[in-house]
Amino acid sequence: MIFKVAWRNIWRSRIRSIIVLSSIAIGIWAGLVIIGFSFGMNNERTSAAIGATLGHSQAHHRAFIEDPQPNAMLSEAIIKELETTLDAQNFVTGYAKRTVLQGMVASPKKTRATRIIGVNAEAERKVTTIPNYMVEGDFFESKTRKGVVISEKLAQKMGLSMRKKLVLTFQDHRGIIHKATFRVSGMYRTLNSAWDELNLYVQQDDIEKIVGGSLIHEVLISYDKSEDTEQKTKAIVSQIKEPTVITSWKENSPELGFADDMMGIMLVLVLGIIMLALLFGIINNMLMAVLERRRELGMLMAVGMNKRKVFLMILLETLMLGFVAGPTGIVLGDVTVRAMMRIGLDLSTKKDGLAELGVGSVIYPEIVPEYYLIIAIMVVTTALIAALFPAYKALKLNPVTAIRGN
Amino acid sequence: MSKAVIEVKGLHKIYEGAVPVKAVNGIDLVISEGEFTALKGPSGCGKTTLLNLLGGLDQPNSGSIIIDDTDITGLSDNELIDFRLHHIGFVFQAYNLIPVLSATENVSFIMLLQNRSKDERMERAHQLLEAVGLAGKEDKRPGELSGGQQQRVAVARALASKPKFVLADEPTANLDSESTSKLLEIMLQLNKQENMTFIFATHDNRVIAKAKRVVGISDGRIVSDTSK
Ligand SMILES: Nc1ncnc2c1ncn2[C@@H]1O[C@H](COP(=O)(O)OP(=O)(O)OP(=O)(O)O)[C@@H](O)[C@H]1O
Ligand SMILES: [Mg+2]
């Protein structure tokens, strides 16, 4: 019957209770939508970066990681071994061997430092999504000799356009400096403008002809799914021996990995702030409820309702608010997120700003089940904490003065 | 002579303040089982204070109140709540009932606090509401009942816990004369049928007229004590 009393008491000041219930529900709803979009945005950014530039993991010579010199390359024997290992893992969907050289790019107007990535276009297509980011020309489909794919951004900075010539200068593994002329055969634009400015692509064949031999510094590896990349990477690492080093995308892009790790903390913080606001709302509501009913509570204590039960009743009333509003908010949030998953949130007017963040213009939220539990626990905890002070106030009522009514 | 349910000796209650008020100033009183007693006196003479002391709602400065072999002046707050639940029935001037519960539920509630079984609660609530003339109104909430009907539910509630006695502070103060006589009639009947002891604080002459014993109080002392 204490349940019944608590439940009916909630509906005594209907409007006030509805206001509190809605604020709890709206708070939870907002929390879920924020979580959904944060995860959606983050995952999109991450998978775009993995697809375009990072791969799920990468293999290098240890010396290359310490200092990316041209001679820190993976020998043929090492590559053979690596290929055997990768072929044996069924989650590895592809890998691409690359030449990576630090050098200079010169146009008639300007000279800049650059990173020259020598690729095998076919292998690259299986591993990265760079071909999807072409804005002009193609990604070595036409196999033009001495073609170069540069970013739109670099083209602007260097005053280059399609079919224009540029000169690449780089050192090979023996320390010989080469100077070669290439022609712009394609232009790309990824979501990562910092990457775009630095990196350009040439065909491995052309590099081999210039330096007179194969030169592999990096193997980009892609997995079937983005889930459990850490475990999958570990599985490969356990099969690999020195001097080869396998690093996951989180290690290769610490800032992306950091954002990924921080997001959880940030979201709990956001939820915490929402809960704090709710806390005061609930305390205020329950305090009013106790003060309004002080005669009745005094009477109940006078006729023999002990303090434990009075405390429990107020606690129960507060918890019930949470139990009604909590699921409502969760359902509303869930429905909203699911609807937005289909429609997406079109932020094309803010496109440039988002591109800087490495995100596309339409954002799709994601459902993250563990946050439903976290929110549920937070709401119950908040309701419990919010109940304590009003319940304590109720206990402090003196039946004699409460009944007398002053 | 029947058994004593309350024995009060040398009771004093002083309200501290700029001018300390000796609200109860040396009272000795014995209430026996089955009495129907009114405490009368002018406003401010200390009736409510005395009743609150008898009911264990307030602590005296000195003196003893022995109920059922227990001196309740020596009990802690929590013990007092429990003692009230099992030994004393209360009818206040107003705010007796829980507004969100029906008449039956209000009467059952106190028995629930006593951990009585559902069957017993339902049966006794039904029987008591019938006794106070509210058969057919069991499911009405206090807001749907008249002031007199509410007070009758309160009387039923007071008896539901099977107390040793019922304390009623101005139970008729808010009632018209018809409701007052009806309520008194019911209480007298319960007094006769269940041998329930009633103690009122009142300055309502209609109540005083019906009382079997009238204790006059003035300035915190007993000044008269007449039984019919
Ligand atoms: N909490 C309190 N603090 C200080 N003085 C009090 C308090 N309660 C009562 N008094 C004083 O004690 C005296 C007795 O009050 P009490 O309420 O017992 O009188 P009463 O006989 O019930 O009066 P009434 O017929 O008006 O109800 C009065 O002088 C009153 O002012
Ligand atoms: Mg009084």
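Colleague: How many residues does the contact take from chain A and from chain B?
Modeller: Chain A gives 21 residues and chain B gives 25 residues, with contact meaning heavy atoms within 4.5 Å. This is a predicted model, where local features need pLDDT of at least 70, side-chain atom pairs count only at pLDDT 80 or more, and totals for chains, interfaces and linings use all residues. Residues are numbered from 1 along each chain as its sequence is written, and side-chain values use heavy atoms, leaving out hydrogens and water.
Colleague: What area is buried between chain A and chain B?
Modeller: About 2300 Å², with carbon and sulfur atoms giving 69% of that. Buried area is the accessible area (1.4 Å probe) that two parts lose on being put together, summed over both. M1(A), R8(A) and V303(A) supply 27% of what chain A buries against chain B, more than any other three residues.
Colleague: Which residue of chain B forms a salt bridge with R8(A)?
Modeller: E105(B), with the closest N and O atoms 2.8 Å apart. The count between the two chains is 2 salt bridges, each a side-chain nitrogen of Lys or Arg within 4 Å of a carboxyl oxygen of Asp or Glu.
Colleague: New topic: is S248(A) buried or exposed?
Modeller: S248(A) is buried, because its relative accessible area is 1% and the cut-off for buried is under 20% (1.4 Å probe, protein chains only).
Colleague: And which residues does S248(A) touch?
Modeller: Leaving out residues up to four places away in sequence, S248(A) touches H56(A), S57(A), E230(A) and T233(A).

Technical notes
Chains lettered and ligands numbered in written order. Buried < 20%, exposed > 50% of the residue type's maximum accessible area, 1.4 Å probe, protein only.
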